[in-house]
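I set out to record what can be looked up in this model. The entries below follow the order in which I consulted it.

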Amino acid sequence: MPKTARPAIPVETAAAVYFRDGWICALCHRPTVFHLAFKYAGQFVATRLPDMQLAYFHPNWRRDASPLLDELGACVDHVHAYARGGAHDLSNFATACGKCNTRKSAREKAEYLDANPPHRVRGKYGEPTRWDGLSSLFVVLARESRELLTMTEKRWLHTLEAHLSGAVPEVKS
């Protein structure tokens, strides 16, 4: 039986997962960052400092060209791997950083954590409660550069504006 391609995760679903999880990786508990914020931050800086060679963004999150995304870029992970029959829906999705998502691959969460126990995060002042993965930075920069946005980026802008304004109800899974 031929293997079928996994369907893409809609922008609206990915945003719901990120906001539900507070933009925190479910595996290592580090804050994650929204990749498009770095694309437009890089463009913003490049227009003001044109001689700078910046490693803010690469569409494939290459380490040499976007080291923060390679490590901390927000990804939607299947808690129970899709390749192993896990559901492709909100109840089986969790936020993961790029590093954990790549390392976990198709393993189950428990299997991954046994091999890669997370370091205990000891925040002197507690866990982040208002972290948005720099999604609001993307909204600000994208509003100033609407003519540069791709169709997908326009969907992200619309979806993130709704989440940031509270127009989207909180999602529980």
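**Entry 1: the largest pocket**

I looked up the lining of the largest pocket and found 23 residues, of which Arg-6, Ile-9, Cys-75, Val-76 and Asn-101 lie nearest its centre. The model is a predicted one, in which local features need pLDDT of at least 70 and side-chain atom pairs count only at pLDDT 80 or more, while totals for chains, interfaces and linings use all residues. Residues are numbered from 1 along each chain as its sequence is written, and side-chain values use heavy atoms, with hydrogens and water left out.

I noted the pocket definition: on a 1 Å grid over the protein atoms alone, a pocket is an open set of points where a 1.4 Å probe fits, with protein on both sides within 12 Å along at least five of seven lines, and lining residues have an atom within 4 Å of a point. The volume of the largest pocket is about 530 Å³, taken as the space filled by probe spheres set on the points, which are joined across faces, edges and corners.

H1, E1, helix H4 (98-104) and H7 are the elements that give two or more residues to the lining of this pocket. Here helices (H or I, at least four residues) and strands (E, at least two) are DSSP runs, numbered from the N terminus. E1 supplies the largest share of the lining, 5 residues. I recorded the classes as 15 nonpolar, 5 polar and 3 charged residues; Ala, Val, Leu, Ile, Met, Phe, Trp, Tyr, Cys and Pro count as nonpolar, Asp, Glu, Lys and Arg as charged, and the others, Gly among them, as polar.

**Entry 2: the strands**

I next checked E1 and found 5 of its 5 residues buried, where buried means under 20% relative accessible area, exposed over 50%, and partly exposed in between (1.4 Å probe, protein chains only). Ala-74, Val-76 and His-78 point one way from E1, and Cys-75 and Asp-77 the other way. In a regular strand the side chains alternate between the two faces of the sheet.

E1 (residues 74-78) runs antiparallel to E2, and 5 bridges join them; two strands pair if DSSP finds at least two bridges between them. Within this pairing, Asp-77 is opposite Ala-94 and His-78 is opposite Phe-93. Strand E2 (residues 93-97) is also mostly covered, with 5 of its 5 residues buried.

**Entry 3: the cores**

Which residues have the most contacts inside the largest nonpolar core? I found Tyr-18, Phe-34, Phe-138, Trp-156 and Leu-160, in a core of 22 residues. Such a core is a set of buried Ala, Val, Leu, Ile, Met, Phe, Trp, Tyr and Cys residues joined through side-chain atoms within 4.5 Å. Helix H1 (11-20), helix H2 (35-48), E1, helix H6 (135-144) and H7 each give two or more residues to this core, and H1 gives the most, with 5 residues.

A second, separate core has 7 residues, including Cys-25, Leu-27, Cys-97 and Cys-100. I also noted that the buried residues of H6 pack against H1, H2 and H7.

Is Thr-159 buried or exposed? Thr-159, in helix H7, counts as buried because its relative accessibility is 6%. Leaving out residues up to four places away in sequence, Thr-159 touches Val-11, Glu-12 and Ala-15, contact meaning heavy atoms within 4.5 Å.

His-158 also lies in H7 (residues 151-165), but His-158 counts as exposed because its relative accessible area is 58%. I found His-158 and Glu-12 9.4 Å apart, C-alpha to C-alpha, although 146 residues separate them in sequence.
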